[in-house]
Amino acid sequence: MNEQALITDAQQGNLDAFNTLVLHYQDSVFNTALRILGDEDQAADASQEAFISAFKSIASFRGGSFKAWLMRTVTNACYDELRRQKRRPTTPLEPDAGRDDGEEMDSPRWLADPNMTPEQKNEADELEHAIQHCLNNLPLEFKTVVVMADIQGMDYTEVAAAVRVPLGTIKSRLARARLRLRECLQGFAELLPASYRLEGGHAAQ
Amino acid sequence: MNQRDLEVLSAYLDGQLSPSDSARLESRLKTDPELVSVLDDLRAARTLLRQLPQRRAPRNFTLTRKMVGLNPPLPRAYPAFRFATTLATLLFFITFSVNALAPQFQQSLGFEVGGGAAEPELFSVQAPAATEPPAFADAAPTEAPAESVAADAAPQPTAMPTSEASMRAVDTPVAKDGVVGNADDQDQTQVANEAQSVPAPFIPSVWMIVFAVGAIVGAIFMAAMRRSSINRWK
């Protein structure tokens, strides 16, 4: 995929070129939104909004990391979604039965990994829920940075470009976010399955 | 453990420290178990986050043209056609006014261009009134066939004026010389009338054809450009 050529075409209004970029980045975008918002439906809505807004403003992209630029659009869409939630808190119409004891059977990850036994799946789900719970407790600006750096694997400069704060601020936020997450996850230590025990003897205790 | 140490440890974990800073931190780690403990905590948190499963997008987020409100782009030559409506209206009025002024224009042109051209017109107005009654009156008593021919021709004088005149021209030699002359005059004036009535709509029709061809060519050109730009867009 020649990303630069696709971006140039998209900037000239070529929707097919942009859609090729969408297909390439949609999983990263969705995962970022999912970890920031903690809800799949909201994350899907935010991702869609992010891509629409990205297409409309792609002319303003002036080079650099396209992923960082896209991540900025996603985080903005997530912030909009969170603001909307604050204004209009909603209660689900149906009780979310699948939430407490794991994912529903048609969860995309479950379909993507059919070799997992139900026990392994439960362990993974527990860990995932624990991490998501701790992420949800982080301040938004910490969460954004840690999601981009540690979940999306972006380097410091990319994160700084996406969040538009100095590199030093990124380092500081990332360090504090990691420490807070570790402290939060210690509360789940006994719930975590053996395969996910934290590294190092000190941390596992 | 201060904030600065925390940041240095986190950056060290990501390999973001300069070699000299790394060396300094590593020597401190050998003597400070608290630093080691925090480094382990940070590493553990990072490992957990990295192990978090990457979900697949629940659906494709590809955009449709409707979603982004895209319309086919206008052809590049569009600005040239932006005033087409104004131009068409102007041409319409010009054509109308030329048509409305055409008879006067023609008359003044006839008078000015040559006196000879104006003469048949004068004759055409005067001749029928002056010559017809004597011709009819003289023809009636002299010959019955002439009367019948005139009577036959009477219901359709407008349709076949020339034939009526020629008939009379054939008949009249029997009756009078003066009538023959008159009939010849009438014949000439009618021919002149016809000759004049043919070029009258001829001049505007050239322009009409030019305008019509221009309009059709313009419309085809515009449609072709529109189509090609839509195809390119698709």
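A salt bridge is a side-chain nitrogen of Lys or Arg within 4 Å of a carboxyl oxygen of Asp or Glu. One such pair joins the two chains of this predicted model: the side chains of Arg55(B) and Glu128(A) meet with 2.8 Å from N to O. With that pair as a starting point, the results below turn to each chain, then to the contact between the chains, and finally to a few single residues.

Chain A has 205 residues, of which 48% count as buried. For chain B, the figure is 24% of 234 residues.

How confident is the prediction for chain A, and what share of its residues score at least 70? The average pLDDT of chain A is 82, and 79% of its residues reach a score of at least 70. Residues 95-114 of chain A, however, have a pLDDT below 50, and this stretch makes 27 contacts in the model beyond near neighbours in sequence. Another stretch with pLDDT under 50 covers residues 199-205 of chain A, with 11 contacts beyond four places in sequence.

The meeting of the two chains comes next. Here, 51 residues of chain A are in contact with 39 residues of chain B. Together the chains bury about 4,300 Å², and carbon and sulfur atoms account for 63% of that area. Three residues, Leu49(B), Arg55(B) and Phe61(B), provide 20% of the area that chain B buries against chain A, more than any other three residues. In total, five salt bridges are counted between chain B and chain A, along with 17 residue pairs in polar contact, both residues having pLDDT 80 or more. On the side of chain B that touches chain A, the elements giving two or more residues are helix H1 (3-13) and H3 of chain B. The largest share, 13 residues, comes from H3(B). Sorted by class, this side of chain B has 18 nonpolar, 10 polar and 11 charged residues.

Helix H3 of chain B, which spans residues 33-51, also holds Val36(B). Is Val36(B) buried or partly exposed? Val36(B) is partly exposed, because its relative accessible area is 30% and the range for this class runs between 20% and 50%. The C-alpha atom of Val36(B) lies 9.1 Å from that of Leu9(B), although 27 residues separate the two along the chain.

In chain A, helix H9 (residues 156-163) is mostly covered, with six of its eight residues buried. These are Tyr156(A), Glu158(A), Val159(A), Ala160(A), Ala162(A) and Val163(A). What covers the buried residues of H9(A)? The cover includes helix H4 (66-87), helix H8 (140-151) and helix H10 (167-186) of chain A, together with H1 of chain B. Just after H9(A), Arg164(A) adopts a positive phi of about 60 degrees.

Asp150(A) is part of helix H8 and counts as buried because its relative accessibility is 3%, where the cut-off is under 20%. A polar contact of 2.8 Å links the side chain of Asp150(A) to that of Arg178(A). Beyond its neighbours within four places in sequence, Asp150(A) is in contact with Leu174(A) and Arg178(A), as well as with Arg46(B), Leu49(B) and Arg50(B). In helix H10 of chain A sits Cys184(A), which counts as partly exposed because its relative accessibility is 22%. Cys184(A) touches His133(A) and Cys134(A), leaving out residues up to four places away in sequence. Between Cys184(A) and Leu138(A), 46 residues apart in sequence, the C-alpha to C-alpha separation is 9.7 Å.

Definitions and conventions
Residues numbered from 1 in each chain as written. Chains lettered and ligands numbered in written order. Heavy atoms only, no water. Helix = DSSP H or I, 4+ residues; strand = E, 2+ residues; numbered from the N terminus. Buried < 20%, exposed > 50% of the residue type's maximum accessible area, 1.4 Å probe, protein only. pLDDT = per-residue confidence, 0-100. Contact = heavy atoms within 4.5 Å. Buried area = accessible area lost by both parts, 1.4 Å probe. Polar contact = N/O pair within 3.5 Å; in protein donor to acceptor, adjacent residues only side chain to side chain. Nonpolar A, V, L, I, M, F, W, Y, C, P; charged D, E, K, R; others polar.
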